[in-house]
Amino acid sequence: MSAPAPAPSRYRFNDVLIDLDSREIHRAGQRVEVEAKVFDLIALLLGNRERAMDKRELNTALWGDRPVTDAALSQQLRKARRALGDDGNAQRVIRTVHGRGLRWAAEATAD
């Protein structure tokens, strides 16, 4: 029995390329600088794009046992959306699922 194929490390949607291995985001051919936590949030949502992730799950994945305020996640979310050419009104890439959490919404393909 063969081992499962490794998960892709590069994803593309619209004019955005996300490289999980090099931890880089390129938009319209230009590198987008993001903080480590912002990239972690993007990678987490992209890797779990088949479902919504609740706030507690996201906080634990990003900050472990350290207590953080709701504002901390909101700030990272705003930065992630901006880096991906999205915003809280359009929600074309990261969608807030009321009562459930956050979900990756863009149609991303392995590159």
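**Exercise 1.** In which helix does Asn 59 lie, and is Asn 59 buried or exposed?

*Solution.* The model is predicted, so that local features need pLDDT of at least 70 and side-chain atom pairs count only at pLDDT 80 or more, while totals for chains, interfaces and linings use all residues. Residues are numbered from 1 along each chain as its sequence is written, and side-chain values use heavy atoms, with hydrogens and water left out.
Step 1: Asn 59 lies in helix α2, helices being DSSP runs of H or I with at least four residues, and strands runs of E with at least two, numbered from the N terminus.
Step 2: with a relative accessible area of 14%, Asn 59 is buried (under 20%; exposed is over 50% and partly exposed in between, for a 1.4 Å probe and protein chains only).

**Exercise 2.** Which residues of helix α2 are buried, and where do they sit around the axis?

*Solution.* Step 1: within α2, residues 55–63, the buried ones are Leu 58, Asn 59, Leu 62 and Trp 63.
Step 2: because they cover an arc of only 100 degrees around the axis, they are on the same side of α2, the arc being that of the directions from the helix axis to the C-beta atoms.

**Exercise 3.** At what angle do α1 and α3 pack?

*Solution.* Step 1: the angle is about 80 degrees, with the axes 9 Å apart; axes are lines fitted to C-alpha atoms, for helices over the stretch in contact (heavy atoms within 4.5 Å), and angles run from 0 to 180 degrees between N-to-C directions.
Step 2: α1 and α3 are therefore roughly perpendicular to each other (65 to 115 degrees; under 35 is roughly parallel, over 145 roughly antiparallel and the rest oblique).
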